[in-house]
Amino acid sequence: MLLPIFLITGYNYRVIENAVHGIINGRDPLPGFEDLIDMFIDGIKVVIVQIAYLLVPCIVFIIFALIASQLPDFASVAIMVIGCLITFVLFVVACLLNQMGICHMAYNEGAFTKAFAISEIKKVVDDIGWFECIATYLGLIIITVVISAVVTSIIYAIFMVFGISGAVLGADPSGIFILGVLFNSAITMFIVGPYLSIFNSRSIGLLYTMQI
């Protein structure tokens with residue numbers, strides 16, 4: 001299971017690498033799916049960076065949860081609300097710094113330590129603008145969710161029509177609905193997901209170049 005995940009993550013890293021070293025309009029061709037060992041290693045590095053950045057908001061949330069568990073009801077709820085708000089802000093910042101850190105690593109020839117050079121990464125974000133970075137990152141999330149939802153809705157609508165038609169004719173529609181779920185999963189996993197992933201990786205890489 002981990003092998004394809006690391007390979008896909010490694011390929012997305014190559015897309016970012018192309019973007020941060022390429023031309024500003026992002027018309028460079030996509031990298032080839034080759035040198036699988038290097039791609040696998042790059043994928044591992046990226047996953048480690050992602051986990052490391054997300055540890056901070058996770059730890060903060062756990063601390064608030066532990067404190068809340070020792071307090072009476074009203075105080076416990078208040079602490080958890082505050083903790084969730086702080087965790088959400090930290091999560092957004094961590095995700096942004098994580099993406100910029102991966103871009104910074106790619107820009108510096110894959111130097112792993114550059115992904116955690118917080119002062120340098122902060123300067124990159126400062127030069128681009130925090131609002132622009134956060135707006136772009138949230139915009140990419142919205143685009144991804146909307147496209148995925150639209151594709152899923154269209155597929156389910158088509159299979160629902162087939163299912164209802166089959167039921168009218170006296171056939172069991174459960175098989176058609178199950179086929180629709182499997183078809184949607186395949187389309188999402190092998191077509192929509194990879195293209196959206198490449199789009200997001202290239203967009204983040206091009207965002208990074210705005211400070212260069």
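This is a predicted model: local features need pLDDT of at least 70, side-chain atom pairs count only at pLDDT 80 or more; totals for chains, interfaces and linings use all residues.
1. For context, most residues other than glycine have a negative phi.

2. E109 is not a glycine either, yet its phi is positive, at about 55°. Where does E109 sit? In the loop between α3 and α4. E109 counts as exposed because its relative accessibility is 65%, above the 50% cut-off for that class.

3. Helix α3 takes in residues 73-107 and helix α4 residues 118-128; they pack with their axes 10 Å apart, at an angle of about 105°. The pair is therefore roughly perpendicular, since the range for that label is 65 to 115 degrees. If you want to look at the contact itself, α3 brings L96, L97, M100, G101 and H104. On the α4 side they meet E120, I121, V124, V125 and I128.

4. Helix α3 has another crossing partner, helix α6 (residues 174-208): the two axes come within 10 Å and cross at roughly 75°. That makes α3 roughly perpendicular to α6 as well. From α3, the residues in this contact are Q99, M100, C103, H104 and Y107. They meet I204, G205, L207 and Y208 of α6. Note that M100 and H104 turn up in the contact with α4 and also in the one with α6.

5. Now the charged pairs. How many salt bridges does the count come to? Three. As a general point, side chains of opposite charge can pair when their charged atoms come close. One of the bridges joins K114 to E120, with the closest N and O atoms 3.1 Å apart. K114 is partly exposed because its relative accessibility is 24%, and E120 is partly exposed too, at 31%. E120 is also among the α4 residues that meet α3.

6. K122 and D126 meet through their side chains at 2.9 Å, N to O. Both lie in α4, four residues apart, which is about one turn of the helix. K122 has 42% relative accessibility and so counts as partly exposed; D126, at 36%, is partly exposed as well.

7. K123 and D127 make a salt bridge of 3.0 Å, N to O. Here again the two residues lie in α4, four residues apart, or about one turn of the helix. With a relative accessible area of 41%, D127 is partly exposed.

8. On the surface, look at I51, L55, I59, I63, I67 and L71. These residues form a nonpolar patch, and together they have about 520 Å² of accessible area. Is I63 buried, exposed or partly exposed? It counts as partly exposed, because its relative accessibility is 44%.

9. S76 is a polar residue to check by eye, in helix α3. It is buried, since its relative accessible area is 18% and the limit for that label is under 20%. Which residues does S76 contact once neighbours within four places in sequence are left aside? A68 and L71. L71 belongs to the nonpolar patch from the previous point as well.

10. N12 is in helix α1. N12 is buried because its relative accessible area is 13%. Not counting residues up to four places away in sequence, N12 touches S197, I198 and S201.

11. Last, a distance to keep at hand while you turn the model. I44 is in helix α2 and, with a relative accessible area of 28%, is partly exposed. The C-alpha atoms of I44 and Y107 are separated by 18 Å, and the two residues are 63 apart along the chain. Y107 is one of the α3 residues that meet α6.

Terms used:
Residues are numbered from 1 along each chain as its sequence is written. Side-chain values use heavy atoms; hydrogens and water are left out. Patches are made of residues with over 30% relative accessible area and no salt bridge: like charges are joined within 9 Å, nonpolar side chains (Val, Leu, Ile, Met, Phe, Trp, Tyr) within 5 Å. Accessible areas come from the Shrake-Rupley method with a 1.4 Å probe; for residues, only the protein chains shown count as cover. A salt bridge is a side-chain nitrogen of Lys or Arg within 4 Å of a carboxyl oxygen of Asp or Glu. Buried means under 20% relative accessible area, exposed over 50%, partly exposed in between (1.4 Å probe, protein chains only). Axes are lines fitted to C-alpha atoms, for helices over the stretch in contact, and angles run from 0 to 180 degrees between N-to-C directions. Angles under 35 degrees count as roughly parallel, over 145 as roughly antiparallel, 65 to 115 as roughly perpendicular and the rest as oblique. Contact means heavy atoms within 4.5 Å.
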